[in-house]
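Reader: I would like to go through this model by its helix packing and its backbone. Please give the cut-offs as the terms come up.

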Amino acid sequence: MTPSIQPLIEALLSAGYAVVGPTVRSGAIRMAELSSAAELPAGVTDVQEPGRYGLTASGDDMLFGFAASPDSAKRYTQPPRQPLVRTHGEDFEEDQPEPPRIALLGIRACDLAAIGVQDRVFLGGRHPDPVYRKRREALFLVAVNCAVPGGTCFCASMGTGPRAMSHYDLALTELSAPHRFLIETGSERGAEIIARIPTGGATDADVEAAREVSRTATARMGRHVDTEGIQDWLPAAHDHPRWTDVAARCLSCTNCTMACPTCFCSTVEDVTDLTGEVVERSERWDSCFTLDFSEVSGTHVRGSGLARYRQWLTHKFATWYDQFGMSGCVGCGRCITWCPTGIDVTEELACIR
């Protein structure tokens with residue numbers, strides 16, 4: 001137990017990590033580099049509904065009294081843009097610097113599960129990605145067990161939360177009356193950091209209070225998905241009339257895939273400077289909602305918004321199992337919150353079933 005996480009932040013900084021955690025920026029909870037616990041969003045909670053996001057005062061001094069932020073760990077495991085190579089005249093050089101050592105503070109169980117999905121995608125095949133591996137190994141993960149699920153959360157349905165189960169170095173449960181944190185270690189690195197800070201033993205009452213936080217969060221989950229048999233019935237619903245209905249509302253704006261912590265699609269871009277002498281090749285996020293994404297030999301395989309939405313939803317919840325042996329959704333609800341027209345995947349799945 002510890003009454004404050006300031007010593008934890010100081011220990012991580014002294015161990016050579018840049019500490020990245022939640023703070024209030026531009027009317028949202030955003031992940032940013034921190035130097036002090038005072039920069040955390042104390043007394044702030046969020047309101048999330050389909051197509052709506054806002055912050056409001058929580059009326060308490062809790063530091064993590066909010067749900068999933070717009071930023072997921074994907075920004076640090078698979079950055080939005082990554083330089084690959086650069087040419088200058090006839091000189092050719094790889095442009096892949098060593099990844100920084102980052103401690104992600106305050107990530108939730110759904111994002112830990114999403115990291116597990118990305119590990120399976122990038123490291124589980126015959127050709128593991130060495131650059132992803134380096135970034136992944138450079139991350140120190142400090143989870144916070146979720147106490148306040150958002151109105152669009154459904155991690156309990158997906159078996160990914162609200163309690164962190166794996167992939168973390170340290171896991172915190174924030175408790176009140178008095179304000180304190182229960183700390184659990186999940187790795188040798190985590191134990192080494194905890195050994196650097198003053199902590200006290202947890203009582204049985206502390207442990208039970210932490211369990212109650214997770215039970216309460218599960219009961220307050222904002223959304224639900226029935227995943228029974230989804231690998232079979234969702235692909236079989238190829239001609240369901242609901243696809244036409246949702247396609248009429250979908251803007252193909254890619255917001256859902258950009259906010260999603262597991263969507264991993266990317267493309268390669270070449271950019272030339274004004275002199276024409278320097279060319280940089282970069283990898284950047286892409287989306288199956290863009291028209292050109294499925295272009296083959298000059299033909300768009302999925303030429304309609306209906307086809308692209310159907311592909312995304314079916315892949316995410318069903319055929320991902322065929323590829324990777326797991327679901328592509330962790331129930332964070334970001335795709336619902338950040339859809340400008342408020343499309344709710346839980347509602348669409350219920351109507352298609």
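Reader: Which handedness, left-handed or right-handed, has the crossing of α3 and α11?

Author: This is a predicted model, in which local features need pLDDT of at least 70 and side-chain atom pairs count only at pLDDT 80 or more, while totals for chains, interfaces and linings use all residues. Residues are numbered from 1 along each chain as its sequence is written, and side-chain values use heavy atoms, with hydrogens and water left out. A crossing is left-handed if the near helix is turned anticlockwise from the far one by less than a right angle, and right-handed if clockwise; helices (H or I, at least four residues) and strands (E, at least two) are DSSP runs numbered from the N terminus. For α3 and α11 the crossing is left-handed.

Reader: At what angle do α3 and α11 pack?

Author: Axes are lines fitted to C-alpha atoms, for helices over the stretch in contact, and angles run from 0 to 180 degrees between N-to-C directions. The axes of α3 and α11 are 11 Å apart. Angles under 35 degrees count as roughly parallel, over 145 as roughly antiparallel, 65 to 115 as roughly perpendicular and the rest as oblique. α3 is oblique to α11, at an angle of about 45°.

Reader: Which residues of α11 make the contact with α3?

Author: Contact means heavy atoms within 4.5 Å. From α3, Val117, Arg120 and Val121 take part. From α11 the residues are Trp320, Gln323 and Phe324.

Reader: How are α3 and α4 oriented to each other, parallel or antiparallel?

Author: The axes of α3 (residues 109-123) and α4 (residues 130-137) come within 9 Å. They cross at roughly 150°. α3 and α4 are therefore roughly antiparallel.

Reader: How many charged residues has the contact of α3 with α4?

Author: The contact is made by Ile115, Gln118, Asp119, Phe122 and Leu123 of α3 and by Tyr132, Arg133 and Arg136 of α4. Ala, Val, Leu, Ile, Met, Phe, Trp, Tyr, Cys and Pro count as nonpolar, Asp, Glu, Lys and Arg as charged, and the others, Gly among them, as polar. By class there are 4 nonpolar and 1 polar, and the number of charged residues is 3.

Reader: Is threonine 77 buried or exposed?

Author: Threonine 77 is found in helix α2 (residues 74-77). Not counting residues up to four places away in sequence, threonine 77 touches Gln118, Tyr132, Arg135 and Leu139. Buried means under 20% relative accessible area, exposed over 50%, and partly exposed in between (1.4 Å probe, protein chains only). With a relative accessible area of 0%, threonine 77 is buried.

Reader: What arc do the buried residues of α13 cover around the axis?

Author: In α13 (residues 345-352) the buried residues are Val345, Thr346, Glu348, Leu349 and Ile352. They are on the same side of α13. The arc, taken from the directions from the helix axis to the C-beta atoms, is only 160°.

Reader: What is the relative accessibility of alanine 177?

Author: Alanine 177 lies in the loop between β9 and β10. Its phi is near 50°, a positive value in a residue other than glycine. A cis peptide bond with omega of about 0° joins alanine 177 and proline 178. Alanine 177 counts as exposed, at a relative accessibility of 75%.
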